[in-house]
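Reader: Can you walk me through this one? I have the sequence and the coordinates open.

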Amino acid sequence: MSELDLSVNIAGVTFKNPVFTASGTFGAGREYADFIDINTLGAVTTKGVSIVPWEGNKPPRIAEVHGGMLNSIGLQNAGLEKFIQEDIPFLRQFGTKIIVNICGHTAEEYVSVARELYDADVDMLELNISCPNITEGGIAFGTDEKALYDVVYDVKSFARQPLSVKLSPNVTNISKMAKIAADAGADALSLINTIVGMKIDVHTRKPVLNNVYGGLSGAGIKPVAVRMVHQVRTAIPYIPIIGMGGISSGEDAVEFLLAGASAVSVGTANFENPRATSFILQGIRDYMTKYGFSSLNEIKLDE
Amino acid sequence: MELETVKILKNRKIAEDIYELLLYAPNIWHRVLPGQFAEIYLENGINILPRPLSICQAALGNLRLIYKTVGDGTRRLSEFREGDGIRILAPLGNGFPVDFDASYEHIVIGGGIGVVPLLRLAQTRRGDVRVFLGFRAKEQIILREDFAAATEHLRIATDDGSYGYHGNIISLVKEELADSDKPRVIYACGPKPLLRAVQSFAAKNNTLAYLSLEERMGCGFGACIGCVVKTVHGYKKVCKDGTVFLADEVIFDE
């Protein structure tokens, strides 16, 4: 049997396989090195990093829901300086690509992060304009057409690395937002971020999350994510898509590839099983073997 | 820490809503420090987050965990049977400090289900160990005999007076702790009001105190930054920087 080719090229970057980690569920990889070989990942997408340290939201920040979870971490992170000093060298020990998720309260803050990363040894930037858990910035950019265009355009003007824009599913027309991001210069799109949700403790009659609302992730959001990937793929045939949302098996990953994603990111499944990424990669191999595919681009939707 | 599927030797009810889970974990038991915890994966597709459970004892290849059924996840856990396999990740958390020797007077204070991680600590402290445990009522008392075997100085309080001292455990601690010529160290675990009371008691008496905290967790190993507690050094992760913190560091919200 011939060797399977799992490599994928997105915006000029060649990834050894299509299994990435989703931002915010994997830190900068350190915590997972005990469970999996980081070398086996196509890419690590880091936890969102801002120009200065962010404190994040008050706890409780986590609520489990049927088959999924809500989070309202609020992008707690130690800031860009520490990230450059500690996290990039850590990740560079491994043969995996580094995608840096960048966040800000204002367009200027996003631009500052991209500028500071100009000389950094990272492979791609992911613009987080879809976090539902911060009061300024985040989702405000991802749900407003003008703000979206401007922030993508500005960041793209100063960034050296290719830019993937992580879109919010909390919009009426995802294709429209995707086109705006593409027109503004996005090299790729990451679909989807979490869906805004809420859980109430009926015994205390209070919201479970201190932030009241949080981002829903896990298996339940997968059909929404697959649909959005498919819509965007149909609307903009040329733009590479990194698909994510409720992926916990090889077959889940293949579903995204069939919908039009070039690669996938694994998020919440890492909590359900810290070795989820290796399990998913093996599942993709098994699928390809079963159907006689030798490379990823042979996996096509039968429409 | 190890992530593996282990065998259930026992999973039985020991008090109202409280269960004892005994696991055969030959690769894990010998690494467990007093006060550490285990994440238990239910793997049912519904409860996707692991359940953090306190490790009560670790001996002879076995882990003894004790948990309270508070929601549908722990209720489903209580339905696991002897002989079933269950995936766990352990040991997690920093555990209680073990460097204080017999020149110290060790004061162990626990409330409710929070007494669980203190048993192994009480068992391993040499010298003067005094244990104070508080429960709501007699029916909720757990591990009384285990603690009694670990120390001659066991005092139990119940809120309703149905067993032992009638009233708050901290009032009992205040009544019983006379001046000591030895330096003292307090180890505590329990509901937030208890920990807050221990914190202020320790501050007033210039006593070193360690608190084991609880918060809603995601991953259990420091990746998601879900289970934070406010400290004088900013937010810290309960699962990884704790669960045990120096009482002085912790900032309890009003």
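Predicted model: local features only at pLDDT ≥ 70, side-chain atom pairs only at ≥ 80, totals over all residues.

Reader: Fine. How many helices and strands in chain A?
Author: Chain A has nine helices and 16 strands. Helices (H or I, at least four residues) and strands (E, at least two) are DSSP runs, numbered from the N terminus.

Reader: And what is the radius of gyration of chain A?
Author: For chain A it is 18 Å, close to the 19 Å that the globule rule gives for 303 residues, so chain A is as compact as a globular protein of that length. The radius is taken over C-alpha atoms, and the rule is 2.2 Å times the number of residues to the power 0.38. Of the 303 residues of chain A, 57% count as buried. Buried means 20 or more other C-beta atoms within 10 Å of the residue's own, exposed means 12 or fewer, and partly exposed is in between, with C-beta atoms placed from the backbone.

Reader: Switching to chain B. Which domains does it have?
Author: The assignment gives domain 1 (2-92) and domain 2 (105-249) of chain B; such bounds come from an automatic or database domain assignment. Their C-alpha centres lie 21 Å apart.

Reader: How many residues are in contact between them?
Author: In chain B, 20 residues of domain 1 are in contact with 18 residues of domain 2. Contact means C-beta atoms, placed from the backbone, within 7 Å. On the domain 1 side, β4(B) gives the most, with six residues. That side divides into 14 nonpolar, three polar and three charged residues. Ala, Val, Leu, Ile, Met, Phe, Trp, Tyr, Cys and Pro count as nonpolar, Asp, Glu, Lys and Arg as charged, and the others, Gly among them, as polar.

Reader: Is β4(B) buried or exposed?
Author: Eight of the nine residues of β4(B) are buried, so the strand is largely enclosed by the rest of the structure. Four bridges join β3(B) to β4(B), and the two run antiparallel. β4(B) also runs antiparallel to β5(B), again with four bridges. Strands pair if DSSP finds at least two bridges between them.

Reader: Which residue in the β4(B)-β5(B) hairpin takes a positive phi?
Author: Leu60(B), near 50°, in a hairpin with two residues between the strands. Ala59(B) stands opposite Asn62(B) in β5(B).

Reader: Now the open sheet of seven strands. What is the order?
Author: In chain B the order is β10-β9-β8-β7-β11-β12-β15, with mixed pairing. β10 (165-166) and β15 (244-246) of chain B stand at the edges with a single partner strand each, so one side of each is left without a neighbour in the sheet.

Reader: What lies across it?
Author: Helix α4 (residues 169-176) of chain B lies across β7, β8, β9 and β10 of chain B, at about 150° to β8(B). Axes are lines fitted to C-alpha atoms, for helices over the stretch in contact, and angles run from 0 to 180 degrees between N-to-C directions.

Reader: Last one: how many residues make the contact between the chains?
Author: Chain B gives 22 residues and chain A gives 27 residues. The chain B side divides into 14 nonpolar, six polar and two charged.

Conventions:
Residues numbered from 1 in each chain as written. Chains lettered and ligands numbered in written order. Contact = placed C-beta atoms within 7 Å.
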